[in-house]
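Subject: Structure for you to look at, with notes

Dear colleague,

I am passing on the structure below, together with some notes on what turned up when its contacts were worked through. Please read the notes with the model open beside you.

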Amino acid sequence: MKQKTPSKPAFPTGVYGITAAKFSAGRSNVEVVQQMIKGGIRLIQYREKRPHKSFAEMLEECRAIRHLTREAGVLFIINDYPAIAQLVDADGVHVGQDDFPVPAVRQLIGPHKLIGLSTHGPQQAAAAVAAGADYIGVGPIYSTQTKEDVCAPVGLGYLDHVVRTCPLPFVAIGGIKEHNLGEVLAYGATTVCLVTEIVGAADITATSSRLQAACL
């Protein structure tokens, strides 16, 4: 019998959940992801860095999160580390401009996984399309302190450019909170990341549910 070729997962709309242990009020990434899933989030990215966590710690967390996401039918993306994505059979990898280039990541993870690339301007968006990225990050839209090496805000103008011209799915990210979410959605974003607004919430499940409903 001919074996069915796996297809690349579709990129969901709604909230794009990202882990951030530093802002999670002492809760583990696994616990935070459990609550995000209960709140209806359909796409989770694991984003942690050395030296804050060892590779062994990250691998252990990603294995647990992969189990949770697979059981719930939620897509699971690993930030920066294609090897961890391979070891846990994640659905894809997200990289930045200074990380492994998209073609190299594709060599490592194969043709049926998603590759996301962070972009900060029109030239980078065009380059992402040419390189074979499956989706792009658009931001930071507003000022953010979530990432230590973050660039200056790109503003809503770049978001507008991507909405009008980029053929790829995208996630709007960076400084997005509940109070400015409507503005981002009004510019045409359909997948949006709010990091600290979710992982730092007293009730992650209720917050995730409310934000997911606002995006859909």
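Leaving aside neighbours within four places in sequence, Ile136 is in contact (heavy atoms within 4.5 Å) with Leu117, Thr119, Ala125, Ala128, Tyr158, Val162, Cys166, Leu168, Pro169, Phe170 and Val171. Before going further, please note that this is a predicted model, in which local features need pLDDT of at least 70 and side-chain atom pairs count only at pLDDT 80 or more, while totals for chains, interfaces and linings use all residues. Residues are numbered from 1 along each chain as its sequence is written, and side-chain values use heavy atoms, with hydrogens and water left out.

The core

Ile136 is also one of the residues that touch the most other members of the largest nonpolar core, which has 68 residues; the others named in that group are Tyr16, Ile78, Ile141, Leu159, Ile176 and Val184. A nonpolar core here is a set of buried Ala, Val, Leu, Ile, Met, Phe, Trp, Tyr and Cys residues joined through side-chain atoms within 4.5 Å, where buried means under 20% relative accessible area, exposed over 50%, and partly exposed in between (1.4 Å probe, protein chains only). Helix H2 gives the most to this core, with five residues; helices (H or I, at least four residues) and strands (E, at least two) are DSSP runs, numbered from the N terminus.

Helix H6

In helix H6, which spans residues 155-165, Gly155, Leu156, Tyr158, Leu159 and Val162 are buried. These residues lie on the same side of H6, because they cover an arc of only 155 degrees around the axis, the arc being that of the directions from the helix axis to the C-beta atoms. Gly157 and Arg164, on the other side of H6, are exposed. The buried residues of H6 pack against strand S5 (114-119), H5, S6, S7 and H7.

Aromatic pairs

A pair of aromatic rings is described by the distance of the centres and the angle of the planes. Rings of Phe, Tyr and Trp (its six-membered ring) pair if their centres lie within 6.5 Å, and planes under 30 degrees apart count as stacked, over 60 as edge-to-face and the rest as tilted. By this rule there are four aromatic pairs. In one of them, the rings of Phe11 and Tyr16 have their centres 6.3 Å apart and their planes at 50 degrees, so this pair is tilted. Tyr16 also forms a tilted pair with Tyr135, at 6.1 Å centre to centre and with 50 degrees between the planes. This second pair links distant parts of the chain, since Tyr16 is in strand S1 (residues 14-18) and Tyr135 in strand S6 (residues 135-138), 119 residues apart. Phe11 and Tyr16 are both buried, with Tyr16 at 1% relative accessibility, and Tyr135 is buried at 0%.

Charged and polar side chains

With a salt bridge taken as a side-chain nitrogen of Lys or Arg within 4 Å of a carboxyl oxygen of Asp or Glu, the count comes to nine salt bridges. One of them joins Asp80 to Lys49, with the closest N and O atoms 1.9 Å apart. Asp80 lies in the loop between strand S3 (75-79) and helix H3 (82-88) and Lys49 in the loop between S2 and H2, so this pair ties together parts that are 31 residues apart in sequence. Asp80 is buried at 9% relative accessibility, whereas Lys49 is partly exposed at 32%.

Arg106 forms a salt bridge with Asp134, the closest N and O atoms being 2.8 Å apart. Because Arg106 lies in helix H4 (residues 102-109) and Asp134 in the loop between helix H5 (122-131) and S6, the parts tied together are 28 residues apart in sequence. Arg106 and Asp134 are both buried.

Lastly, Lys53 lies in the loop between strand S2 (43-46) and helix H2 (55-72) and is buried, with a relative accessible area of 17%. The side chains of Lys53 and Glu61 are joined by a polar contact of 3.3 Å, meaning a pair of N or O atoms within 3.5 Å, of which, within protein, one must be able to donate a hydrogen and the other to accept it, and residues adjacent in sequence count only if both atoms are side-chain atoms.

With best wishes
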